[in-house]
Protein chains: 2
Amino acid sequence: MKGSGGARRAPRSTPRPRGRPPGRSSRDGVIAGRDALLAAAERAIARDGPRVTLDAIAAEAGVTKPILYRGVGDRDALVFALAERLTRRMTDQVAEQVARTEDPEDMLRRLVRGYLELAAAQRNLYLFVTAGGVGDKRLQQSLLLADGAAQQFVDGIAAFRSARGADPAVATVWSYGLVGSLHYVTLWWLREPSLELETVTEHITSLLWTGLRLEEPVD
Amino acid sequence: MKGSGGARRAPRSTPRPRGRPPGRSSRDGVIAGRDALLAAAERAIARDGPRVTLDAIAAEAGVTKPILYRGVGDRDALVFALAERLTRRMTDQVAEQVARTEDPEDMLRRLVRGYLELAAAQRNLYLFVTAGGVGDKRLQQSLLLADGAAQQFVDGIAAFRSARGADPAVATVWSYGLVGSLHYVTLWWLREPSLELETVTEHITSLLWTGLRLEEPVD
DNA sequence: GCCTAAATCTACCTATGGTAATTTAATGTG
DNA sequence: CACATTAAATTACCATAGGTAGATTTAGGC
């Protein structure tokens, strides 16, 4: 439906030779493993921004496009794979920070801060992953972060206050809400870094922990 | 950088006539005003989904592509313009609902419900507007909803609890957080409508109003 | 009545995602 | 050791879609 490039064309006289060039085979060890391709993609994205072309990625990896396609699939699959990678990295790094405290509010604060830090440190990759897809595909993939990272945190919160029946639906909605607020504030902050990291962290933490209610007006 | 379509090619013998066809001029009233173009774009999007081509939009509007470009600009400008329109529509409709109550929590609840309702009612347009852009451009436009709709609501909340110094930075961060959580929950809900509208509304409202804290564990 | 100006359409370009045809190196077999 | 077979990978290609320039015709002014 998208690019059904079918070539059923009469043969022509091509001056340049086609086919495999002289070089070492691939049997002696996998030359371009999936991980190497993804790492190259991350490098290309960091360099060229979220609108990198697949040609640029393939060139960075030192392979040709069909190899890239055999290794990771089409562009959507690439976005998906990189989203998984980034999510895992974020989860790991943030989890380490979160584990350093016992206070739930402080856990949330560390989660927020870690999210902002990593997004800023890998700005282009973050944009590529969150804005890379299009249309319905995007609907599938943009939620990866929420699917993975936040769910376990919110589950933890839900378990913490185990007085209630621990409705799993609540945890799901909350985890999407949590990630969504983080994501939008991150986008805004990447665009206009007018506030300090710590300030933004405090404001989001306040919103998410205490809610909009706060206390009644003092009058 | 993108499509610098420069034609510096030797003239060919084209059988078909080029140029302006017989018809009425545009002096007697603007034929394809900006609003008409945008309305046609919305129709085409509703029909074809968020991946509509500009050709389809121009055809729906009954004009040719250059006219579309003169009227609204390139694709990013189109996304931007439609985002503005949708935002205004949402703001108006939601504001009407919000005004029917005095209780701040109920105002928030109505805001949430209205957001979900409109997004679901105009699913394709919502996806086009929120996922339409790419790369850095997206960073500019995806925040329109937050820029407009939520800010005034959060300002209201901030004014309501006027005890604090009403830091405008807090209101900004909160409004992005508010819209972000709405947006992500909406995407999830559009993908998997497993819960009733009212249930989702209650869960988000609870998260945003009360926060993750709730009460201490009962033990 | 002719010329200028404005408006617009067709045709085209360019860029990019994605794939098929083709060719060579490696490997197994008589 | 010569030869067929297979696997891999490169080049060239296609299709689609955004964006623009040149051609052309109508309307209005001198």
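Of the contacts in chain A with a separation of 6 or more, 68% are between residues 24 or more positions apart; a contact here means heavy atoms within 4.5 Å. Chain A has 10 helices and zero strands, where helices (H or I, at least four residues) and strands (E, at least two) are DSSP runs numbered from the N terminus. Buried residues make up 47% of its 219 residues; buried is under 20% relative accessible area, with a 1.4 Å probe and protein chains only.

A word on conventions. This is a predicted model, in which local features need pLDDT of at least 70 and side-chain atom pairs count only at pLDDT 80 or more, while totals for chains, interfaces and linings use all residues. Residues are numbered from 1 along each chain as its sequence is written, chains are lettered from A and ligands numbered from 1 in the order in which they are written, and side-chain values use heavy atoms, leaving out hydrogens and water.

I turn to the aromatic residues. Over all chains, the structure holds four aromatic pairs, that is, rings of Phe, Tyr and Trp (its six-membered ring) with centres within 6.5 Å, stacked if the planes are under 30 degrees apart, edge-to-face if over 60 and tilted for the rest. One of them, Y115(A) with Y126(A), is edge-to-face, at 6.0 Å centre to centre and 85° between the planes.

Y176(A) and W188(B) are stacked, because their ring centres lie 5.6 Å apart and their planes at 25°. This pair joins two chains, since Y176(A) lies in helix 9 (residues 168-191) of chain A and W188(B) in helix 9 (residues 168-191) of chain B. Y176(A) is buried at 3% relative accessible area, and W188(B) is buried at 4%.

Note on methods:
Buried < 20%, exposed > 50% of the residue type's maximum accessible area, 1.4 Å probe, protein only.
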